[in-house]
Amino acid sequence: LPAFDASDPLGIDDLLGDEDRAVRDTVRSWAADRVLPHIAEWYENGELPGIRELARELGSLGALGMPLTGYGCAGASAVQYGLACLELEAADSGIRSLVSVQGSLAMYAIHRFGSEEQRQRWLPAMAAGEVIGCFGLTEPDHGSDPAGMRTRARRDGGDWVLTGRKMWITNGSVAGVAVVWARTDEGVRGFVVPTDAPGFSAPEIKHKWSLRASVTSELVLDEVRLPADAVLPEVSGLRGPLSCLNHARYGIVWGAMGAARSCFESALGYAKEREQFGRPVAGFQLTQAKLADMAVELHKGILLAHHLGRRMDAGRLRPEQVSFGKLNNVREAMEICRTARTVLGANGISLEYPVMRHATNLESVLTYEGTVEMHQLVLGKALTGLDAFRG
Ligand code: TGC
Ligand code: FAD
């Protein structure tokens, strides 16, 4: 029998091929080199300095729009994209967010629903990380229920004119292009908005106590005039943005386990070193129970992510299954981080260790891309056939 591997107790590595391992190891070593030495400082300062350089490096790695094909994208498998998300979020959720929004939301929207001209214009530069994208769906008064959005696009001669506000938009202030969803006379439509368009501004949201190493912004659209071909031609209705969300949520299923792995490793290492009552705290049964439970949920979660990845690669992944994964893995990741925090005692609250940073990040991850309650209700509807969203 192979030896027991504390970092892979279920032998999940056996599910990977050589290329999968190469993707995982490349992203892991990039994050170790470019993110981990600085992340505590960035987090403390509430900034992501050098975001444009980081984006270009992520582009060189092929991490932007990774599973998309053509237009400079890597054409990787869904499993490989997932492995990359896990490694990036093991460094920090903010870095995975940058990649999710760029690839799974902004680029995916243009790739799937855009015209050939839109794809040619934006995707190669976005895949290279030369242009950063953002995705504006949420509004100040409409988060979980985007069907109520107020941002409006009206036709004026051959042009579109957009007016409204989007809120909590990742990458907003640094984006060169925004995919903005707006109400029109023909239902909800997506618009590709160059951020230098007159009337567009993206003030950064400050005072966040989560996702501090991530740019989060408001988008203000004040009579932004766009040409007729700014609309994404291939979709109308909420199916457009919600299809993009499936892909970003899928990345989070993996990513959350990265944050959890980092916390587990931190707790295990600490418990073996830290002595109390004359012995390592890892030797106490109560600590071992915590470590065992954390390992069980961590590796179950990774296995679930693999399963969903294989379904996505086979073209058989249903949105309800993505909800299943996001609901479970983010919730369990939070539990793992909180338990890890207790194992580290007072040091658990220090930025010297990654645990509290991951735990506070996961508060956002639990809410964005559909709150935990939305995913419970998606599953509840699938299980019962009854829609509990509206009264
Ligand atoms: P409903 O009536 O059920 O559906 C409307 C239309 O959409 C279709 N649809 C989907 N299509 C693809 N994938 C899905 N997951 C879909 N869910 C629904 C549906 O078939 C229908 O199509 P059609 O053609 O028949 O019209 O919609 P509803 O109004 O009842 O809402 C359902 C609900 C609540 C699940 C949905 O609104 C929802 O998911 N709300 C949560 C909103 C959300 O997740 N926002 C995320 C914003 S982006 C973000 O957070 C980025 S953070 C990124 C980062 O930094 O990492
Ligand atoms: P609300 O919808 O107001 O919900 C408040 C509470 O009520 C939640 O607990 C919710 O689950 C619950 N609730 C609502 N309706 C029901 C119901 N029917 N039944 C039971 N409970 C219900 N959005 C973007 O479009 N693009 C981005 O790039 C983006 N990035 C983000 C980055 C960060 C750091 C954060 C924190 C958010 C980001 N978001 C983004 C917004 C995010 O998607 C929304 O916050 C999320 O969808 C929830 O919306 P809300 O905050 O308005 O909460």
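1. Phenylalanine 389 places a backbone N or O atom 3.2 Å from a nitrogen atom of ligand 2, a polar contact being a pair of N or O atoms within 3.5 Å (within protein, one must be able to donate a hydrogen and the other to accept it, and residues adjacent in sequence count only if both atoms are side-chain atoms). Of the 980 Å² of accessible area that ligand 2 has on its own, the protein covers 67%; accessible areas come from the Shrake-Rupley method with a 1.4 Å probe, and for residues only the protein chains shown count as cover.

2. The model is predicted, so local features need pLDDT of at least 70 and side-chain atom pairs count only at pLDDT 80 or more, whereas totals for chains, interfaces and linings use all residues. Residues are numbered from 1 along each chain as its sequence is written, chains are lettered from A and ligands numbered from 1 in the order in which they are written, and side-chain values use heavy atoms, with hydrogens and water left out.

3. Ligand 2 has two further polar contacts to record. A backbone N or O atom of phenylalanine 135 is 2.9 Å from a nitrogen atom of the ligand, and a polar side-chain atom of threonine 170 is 2.9 Å from a nitrogen atom of ligand 2.

4. The shell of ligand 2 holds 17 residues, with Thr138, Ser144, Trp168, Thr371 and Glu373 the closest; a residue is near a molecule or strand if one of its heavy atoms lies within 4 Å of it. At least two shell residues come from each of β3 (159-170), α10 (355-367) and α11, where helices (H or I, at least four residues) and strands (E, at least two) are DSSP runs numbered from the N terminus. By class, this shell has 8 nonpolar, 7 polar and 2 charged residues; Ala, Val, Leu, Ile, Met, Phe, Trp, Tyr, Cys and Pro count as nonpolar, Asp, Glu, Lys and Arg as charged, and the others, Gly among them, as polar.

5. Around ligand 1 there are 27 residues, of which Ser97, Asn246, Arg249, Gly370 and Arg390 come nearest. The elements α5 (93-113), α7 (239-273) and α11 (372-384) each give at least two residues to this shell, and α7 supplies the largest share, 6 residues. The shell of ligand 1 divides into 12 nonpolar, 9 polar and 6 charged residues.

6. Serine 144 has a polar backbone atom 2.9 Å from a nitrogen atom of ligand 1. Oxygen atoms of ligand 1 are approached by a backbone N or O atom of glycine 370 at 2.9 Å and by a polar side-chain atom of arginine 390 at 2.8 Å. Taken alone, ligand 1 exposes 1,100 Å², and the protein buries 73% of that.

7. On a 1 Å grid over the protein atoms alone, a pocket is an open set with protein on both sides within 12 Å along at least five of seven lines, and lining residues have an atom within 4 Å of a point.

8. The largest pocket is lined by 48 residues, with Gly143, Leu245, Arg249, Glu369 and Gly370 nearest its centre. Elements giving two or more residues to this lining include β1 (133-136) and α9 (319-343). The lining comprises 22 nonpolar, 16 polar and 10 charged residues.

Methods. On a 1 Å grid over the protein atoms alone, a cavity is a set of points where a 1.4 Å probe fits but cannot get out, and a pocket is an open set with protein on both sides within 12 Å along at least five of seven lines; lining residues have an atom within 4 Å of a point.
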